[in-house]
Amino acid sequence: MSFPQPRPQAALLPQHLLRTIDCKQGAVRAVRFNADGNYLLSCGSDKSLKLWSVSRGSLLKTYSGHGYEVLDADGSFDNSQLCSCSSDKSLILWDVATGQVMRKLRGHAGRVNCVQFNEEATVILSGSLDGTVRCWDTRSRRFEPIQVLDEARDGVSSLKVAQHELLTGSVDGRVRRYDLRMGQLHVDFLNSEWRFTGHKMKGYKLDCCLSGKDTHVLSCSEDGHVYCWDLVEGSLSLKLPVGKAVVQSLSFHPTETCLLTAMEGRVQVWGAEPEEPEEEAAAMAT
C-alpha cells in the first residue's frame, strides 16, 4: 500500500528584525555580506567603506580612499581582501587587516556601478556607466585591465561571476552571459512584461537577488518594502515593511535565512526567527 508523499515544507523567509545598525556614513548606497556571511560591508555616500560584525552589529574597520561616494563592494573568499567601486570612476583593492589601499585601478570613463571578485580572487570585474566591463588582475602590478568587454550599448548596472561564466545587466535592456572559457556571448532581451510585479522603481537603481536556496526572488522598492516572490509560481510570498523611505540595497546570506537591507543611513539585519536575548540564551545553555 502506497501513501502520498508529504508536501514539501514552505521555505522560511527573513521577516523578523534582529538589529539595526546606524552606519554614520551618509546614505548607504550598498550593503553586502562577505563570503561566509559573518561580516557585512556598507558603502557610504561619505566616500567610506565599513566592515561590520553581523551578529553584534559592531564596527570593525573603516576604509577611506575614494574621492566620491562608494557604490558597491565585495570580499575575497579568504576574507583577506576587499574591492570597492565608486562614482569617482575608480576601483580600490584593500587589505582587510590593515585597512590600507593595495591598488587603485582607473580606466573607466564613468562611475563604476558594480564590482566583484572571481572565486579565486585573482581577478576583479567591474561594470560601469561607460557601458564596459573591465577585468583586472589582482596579482599583477600592471594598472591596465587584462580584458575589456564593451558589447553593452548603455551603462552596465549589475554583474555576477560564477566559475567560468559572467552575467551582466545593462540599461540597454539586455542581459549578457559570457562563457569566459569558450569565448562565447549569449544575449537576452528583457521586454516590459515583467513576471515579478508590485514593487516600485522609478528614480533609483535598486538591488534584487535570489534567496540562499534559489527558491525566491527578492527586490528593493521605493515604497519602503522588500518584495519577495516565489521563483517558480511568481506569486508574492512576502512584503517586508522596512521603513518609510527607499530600500536601496539588499543582500541574502550565503547559507542561512538572513537578509540585509539598507535604507538611508542605516542597515537592517533580518532573520527567519526572532533572536533570543543573550541572558535567556545563556540560561538555556546552562
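## The main core

The largest nonpolar core here has 18 residues, and those with the most contacts inside it are Leu218, Val226, Leu240, Val242, Val247, Leu250 and Leu259. A nonpolar core is a set of buried Ala, Val, Leu, Ile, Met, Phe, Trp, Tyr and Cys residues joined through side-chain atoms within 4.5 Å; buried means under 20% relative accessible area, with over 50% being exposed and anything in between partly exposed (1.4 Å probe, protein chains only). The elements giving two or more residues to this core are β20 (225-230), β21 (236-241), β22 (247-252) and β23 (258-263). The largest share, three residues, comes from β22. As for the labels, strands (E, at least two residues) are DSSP runs, numbered from the N terminus.

Take Leu218: leaving aside residues up to four places away in sequence, Leu218 touches Cys208, Cys209, Leu210, Ser211, Val226, Tyr227, Cys228, Leu250, Phe252 and Leu259 (contact means heavy atoms within 4.5 Å). There's also a second, separate core of 13 residues, including Ile21, Cys23, Trp52 and Val54.

## Where this comes from

This is a predicted model, in which local features need pLDDT of at least 70 and side-chain atom pairs count only at pLDDT 80 or more, while totals for chains, interfaces and linings use all residues. Residues are numbered from 1 along each chain as its sequence is written, and side-chain values use heavy atoms, with hydrogens and water left out.

## A four-strand sheet

Further back in the chain, four strands line up as an open sheet in the order β6-β7-β8-β9, with antiparallel pairing. Two strands count as paired if DSSP finds at least two bridges between them. β6 (70-75) and β9 (101-106) sit at the edges with a single partner strand each, so one side of each has no neighbour in the sheet. From one strand to the next, the twist averages 20 degrees, using axes fitted to C-alpha atoms and angles from 0 to 180 degrees between N-to-C directions.

Zoom in on β8 (residues 90-95) and you'll find five bridges joining β8 to β9, antiparallel. Here Ile92 stands opposite Lys104 in β9.

Val156 stands opposite Ser170 in β15. Two residues lie between the strands of this hairpin, and Gln163 takes a positive phi near 55 degrees.

β15 also pairs with β16 (residues 174-179), again antiparallel, over five bridges. Leu166 faces Tyr178 in β16. This hairpin has three residues between its strands, and Gly173 in the turn has a positive phi of about 85 degrees.
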